[in-house]
Amino acid sequence: MGEAASFRSLLIELFGRLTNGVVCRGAGRRMRWGMLAGVLAGSLLVTNAGRLQAQTDCLGCHDNAEMQDASGHSVAVDGKTFNKSIHGTMKCNDCHQNIKEYPHPAQVAKVDCKGCHADEAQGLAGSVHADSKEHPCTSCHGSAHSIFPKADSRSAVYPLNIPNTCGKCHSNQGMAQKHGLASVYPKYMDSIHGFALSKEGLLVAANCQSCHGSHHILSRKDPASPTNRVNIPKTCGSCHAKINDDYMGGSHGKQMAAGNVKAPVCTDCHTAHEILHPTESAFRMQSTPICGSCHKDKLSTYRDTFHSQLGSLGGYVETARCWDCHGAHEILPASDPKSPVNKANLIKTCGACHAGANASFVQYQPHANAHDRKLNPALYYVRTFMNVLLASVLTFFMIHTLLWLIRARYNQIKEKKTVGGDHE
Ligand code: HEC
Ligand code: HEC
Ligand code: HEC
Ligand code: HEC
Ligand code: HEC
Ligand code: HEC
Ligand code: HEC
Ligand code: HEC
Ligand code: HEC
Ligand code: HEC
Ligand code: HEC
């Protein structure tokens with residue numbers, strides 16, 4: 001049997017080379033194809049094996065880099081790469097199920113990966129990429145003949161390669177705009193995660209899959225999506241565990257857990273795809289307005305203070321920003337003894353920047369609001385007194401000036417009269 005099989009392979013290979021030559025030459029293709037195919041089929045029948053069974057049977061023809069079908073589409077399969085790939089030990093017709101002989105059937109069945117990978121196919125079917133024409137498995141996994149395990153650096157879904165794989169479509173050049181989606185790929189690549197991944201090769205940095213999943217990707221509007229507002233702390237927290245704990249222990253996290261969707265989640269302060277190093281001045285400069293976008297009253301009172309004015313003068317980054325006093329994640333009400341702005345902790349909090357801060361120094365009110373009598377009575381009365389003083393001084397001098405004018409005019413007329421009288 002071994003002898004017959006190897007003879008068969010030899011024949012197939014031989015005819016494979018012949019037919020490839022014909023295809024490449026082009027002219028009179030169809031006629032010679034028919035002829036050669038007939039000869040081949042005949043030879044196979046002679047060897048008592050009309051069917052193409054082994055991988056090598058198919059590769060005998062297809063492992064030729066120049067091989068094309070009649071319309072010029074490449075039908076070459078790189079045998080060496082295929083053999084090393086994860087499916088390399090499979091027979092070609094494990095996937096190409098209705099190709100069992102040559103000539104091939106007129107209607108070659110589309111390969112269906114679902115037969116062996118039901119879970120992935122099911123996940124994909126319910127996702128944003130459900131349209132199987134636009135998103136076949138190969139749109140992410142690359143050529144079906146060179147699929148590698150996801151932990152292999154040659155795989156299209158190896159962590160370091162995922163951004164490029166998704167970015168084929170989710171970039172300016174891709175189809176993002178056509179579908180009215182933001183072009184996130186370039187933003188991501190410039191973010192701290194993208195930088196860590198692409199420049200430092202940090203496998204544990206977040207890639208698209210870490211936050212979105214792979215097959216069952218859902219729109220952020222879907223409550224089950226890991227990118228839905230409610231689930232974001234958990235998604236980021238899968239890596240940033242300590243920060244997530246702090247956040248959940250603070251007012252914002254507690255409010256979020258209690259269903260107050262107005263409380264901020266990680267991405268409100270950090271964004272999703274443009275995350276910066278928080279110590280970078282760019283972040284320090286933009287984060288006060290971020291807190292202020294919700295705490296408008298506190299922002300406006302902060303703006304009145306020396307700290308803010310210092311910040312806006314020439315863009316100092318050393319001045320106190322909201323989180324220098326409140327913390328960033330475990331933010332608590334001032335009444336909480338653990339809060340850095342609780343009276344008992346102020347010396348320490350202010351002292352981080354003001355060496356020698358003491359009890360009288362921390363009397364200074366970072367949110368002093370002179371318009372509010374109840375909150376800041378002393379300031380309110382001082383301001384009111386100053387205003388009244390200013391008004392009275394102004395009024396006094398106005399009346400004074402008016403009287404002075406009248407008096408001056410009166411004197412003038414009186415003087416004229418006296419002079420006239422002298423002439424008479
Ligand atoms: C004798 C050479 C030869 C052998 C052996 C051969 N093929 Fe082909 N195959 C071709 C040629 C030539 C074409 C392109 C035109 C055509 O379909 O006739 C082709 C086309 C194909 C196509 C593309 C069909 C399409 O319409 O897109 C697939 C898939 C394919 N072959 C798979 C296989 C498989 C699987 C085997 C082994 C079971 C195999 N071939 C064995 C020569 C061969
Ligand atoms: C894991 C499944 C799988 C295996 C195994 C497989 N193929 Fe394919 N092959 C595909 C898919 C998917 C396509 C793309 C067309 C489609 O979706 O039907 C394809 C396309 C082709 C084509 C058409 C040209 C092209 O690239 O579009 C040829 C020829 C082909 N395969 C030959 C082979 C040969 C020869 C083998 C064995 C050495 C083989 N295939 C093994 C999945 C497979
Ligand atoms: C939108 C892109 C995308 C599409 C489309 C896609 N995959 Fe994946 N696939 C991935 C990513 C990303 C991974 C890596 C997951 C990881 O690292 O955990 C993956 C991993 C896999 C794995 C490895 C096991 C696992 O689940 O981690 C298999 C098997 C797989 N995909 C099969 C398929 C099949 C079959 C299809 C078509 C039904 C498909 N994929 C379509 C992106 C995709
Ligand atoms: C005949 C069954 C079969 C078919 C059809 C099939 N595969 Fe596979 N696939 C396997 C087996 C077996 C493995 C290796 C075992 C494993 O790790 O799951 C595998 C592994 C994979 C992996 C790597 C899993 C990992 O660990 O990272 C991916 C990705 C994959 N297949 C994608 C596809 C795609 C895409 C198709 C369709 C073009 C496809 N498979 C068709 C059987 C199949
Ligand atoms: C073949 C092109 C293509 C690839 C590759 C691709 N996508 Fe998509 N993606 C799309 C298109 C097109 C849509 C819009 C689908 C729609 O609205 O019908 C989309 C939608 C999405 C959405 C939903 C946007 C929303 O909220 O509506 C997310 C999230 C997404 N893709 C993430 C990914 C990730 C992550 C990867 C890589 C693992 C990836 N995509 C790979 C084309 C692609
Ligand atoms: C650190 C987590 C994270 C990473 C990494 C990430 N995303 Fe996102 N992505 C999100 C979140 C959260 C949203 C929800 C919307 C928002 O907050 O901006 C989102 C939204 C999206 C959207 C929908 C945008 C829209 O217009 O509604 C697409 C598309 C998308 N991401 C694709 C990607 C791609 C492609 C990558 C990789 C290049 C990626 N994401 C990397 C967290 C992430
Ligand atoms: C897969 C794990 C993973 C996920 C998920 C993840 N990150 Fe990261 N993140 C990292 C790693 C690793 C670094 C460190 C990068 C470096 O140091 O170069 C990092 C860095 C950061 C930094 C900068 C830290 C610093 O000290 O400079 C911020 C801010 C950040 N991530 C926020 C987020 C947010 C917000 C989310 C969710 C939307 C998120 N991360 C999701 C792994 C992750
Ligand atoms: C209310 C705004 C806000 C929210 C919500 C928020 N952060 Fe931050 N985050 C900040 C600020 C401000 C800093 C800078 C702190 C500093 O420089 O001391 C920071 C710093 C970081 C850092 C750098 C390490 C560090 O502690 O300095 C990481 C990583 C990070 N945040 C991740 C997250 C994650 C994950 C979440 C969600 C669980 C989250 N952040 C929620 C504002 C926020
Ligand atoms: C998306 C809106 C939003 C952003 C951004 C935001 N907060 Fe808040 N914050 C809230 C909500 C909602 C609460 C819950 C208590 C309330 O309703 O005032 C809260 C509570 C607080 C509290 C505790 C007050 C109390 O009575 O419990 C402090 C302090 C605070 N935030 C400071 C900050 C700081 C500092 C930043 C920036 C690093 C920030 N917030 C960013 C919405 C926001
Ligand atoms: C120099 C330190 C400092 C800075 C900077 C600062 N705060 Fe405060 N904040 C305090 C102190 C101290 C209190 C408590 C006393 C008070 O209410 O004035 C407080 C109170 C608050 C409260 C009310 C907490 C409660 O329990 O009722 C909120 C909300 C708040 N700040 C938000 C902000 C925001 C938003 C910013 C930035 C725009 C900011 N703070 C900047 C020190 C600071
Ligand atoms: C992140 C650092 C930082 C923190 C925290 C901080 N400050 Fe300041 N503060 C500055 C800087 C920088 C200046 C301007 C330079 C200077 O005068 O020292 C300033 C100036 C001041 C001034 C006016 C100038 C002066 O020195 O008399 C007062 C008053 C003041 N801070 C009070 C406070 C109080 C009260 C707290 C705590 C609630 C506090 N600061 C927390 C950085 C900080």
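Is Gln-173 buried or exposed? In this predicted model, Gln-173 is exposed, because 12 other C-beta atoms lie within 10 Å and a residue with 12 or fewer counts as exposed. The legends below start with the whole chain and then go to single sites.

**View 1. The protein chain as a whole.**
The secondary structure of the protein chain consists of 21 helices and zero strands. The chain has 424 residues, and 21% of them are buried. The average pLDDT of the chain is 84, and 81% of the residues score at least 70. In residues 1-7 the pLDDT is below 50, and this stretch has three contacts in the model beyond near neighbours in sequence. Residues 18-39 also have a pLDDT under 50. For residues 18-39 the model has 18 contacts beyond four places in sequence. Where pLDDT is low, the predicted coordinates should not be read in detail.

**View 2. The loop that holds Gln-173.**
Gln-173 is placed in the loop between α8 (162-167) and α9 (184-190). Ser-183 is ten residues from Gln-173 along the chain, and the C-alpha atoms of the two are separated by 8.9 Å. Cys-169 touches Gly-174, Met-175 and Ala-176, leaving aside residues up to four places away in sequence.

**View 3. The largest nonpolar core.**
Nine residues form the largest nonpolar core: Val-157, Ile-162, Cys-166, Cys-169, Tyr-185, Tyr-188, Ala-206, Cys-208 and Cys-211. Helices α8, α9 and α11 are the elements that give two or more residues to this core. Another core lies apart from it and has eight residues, among them Cys-61, Phe-82, Cys-92 and Tyr-102.

Helix α3, residues 55-62, is mostly covered, with seven of its eight residues buried. The buried residues of α3 are Gln-55, Asp-57, Cys-58, Leu-59, Gly-60, Cys-61 and His-62. Cys-61 also belongs to the core of eight residues, as does Tyr-102. Tyr-102 and Pro-103 are joined by a cis peptide bond, with omega about 0°. The loop between α5 (92-95) and α6 (118-125) contains Pro-103.

**View 4. The shell around ligand 7.**
There are 22 residues around ligand 7, and those that come nearest are Ala-196, Ala-206, Ser-210, Cys-236 and Cys-239. Two or more residues of this shell come from each of α10 (192-198), α11 (208-212), α12 (232-237) and α15 (266-270). The shell around ligand 7 has 14 nonpolar residues, eight polar residues and no charged residues. Domain 2 (127-217) and domain 3 (218-275) each give at least three residues to it. Ala-206 is also a member of the largest nonpolar core.

**View 5. The shell around ligand 8.**
Among the 20 residues around ligand 8, Cys-236, Cys-266, Cys-269, Pro-278 and Ala-328 come nearest. The elements with two or more residues in this shell are α12, α13 (241-249) and α15. Helix α15 gives the most, with four residues. By type, the shell around ligand 8 has eleven nonpolar residues, eight polar residues and one charged residue. Ligand 8 lies between domain 3 (218-275) and domain 4 (277-368), because both domains give residues to its shell. Cys-236 is also listed among the residues that come nearest to ligand 7.

Thr-271 is placed in the loop between α15 and α16 (281-294). Thr-271 is not a glycine, although its phi is positive, at about 70°. Because Thr-271 has 14 C-beta neighbours inside 10 Å, it counts as partly exposed.

**View 6. Ser-191 and its contacts.**
Ser-191 is found in the loop between α9 and α10. Ser-191 has 22 other C-beta atoms within 10 Å and is therefore buried, since 20 or more are needed. Not counting residues up to four places away in sequence, Ser-191 touches His-273, Glu-274 and Ile-275. Ser-191 and Glu-274 are 83 residues apart in sequence, and their C-alpha atoms are 4.8 Å apart in space.

Technical notes: Residues numbered from 1 in each chain as written. Chains lettered and ligands numbered in written order. Predicted model: local features only at pLDDT ≥ 70, side-chain atom pairs only at ≥ 80, totals over all residues. Near = placed C-beta within 6 Å. Nonpolar A, V, L, I, M, F, W, Y, C, P; charged D, E, K, R; others polar. Domains from an automatic or database assignment. pLDDT = per-residue confidence, 0-100. Contact = placed C-beta atoms within 7 Å. Core = buried A, V, L, I, M, F, W, Y, C linked by C-beta atoms within 7 Å.
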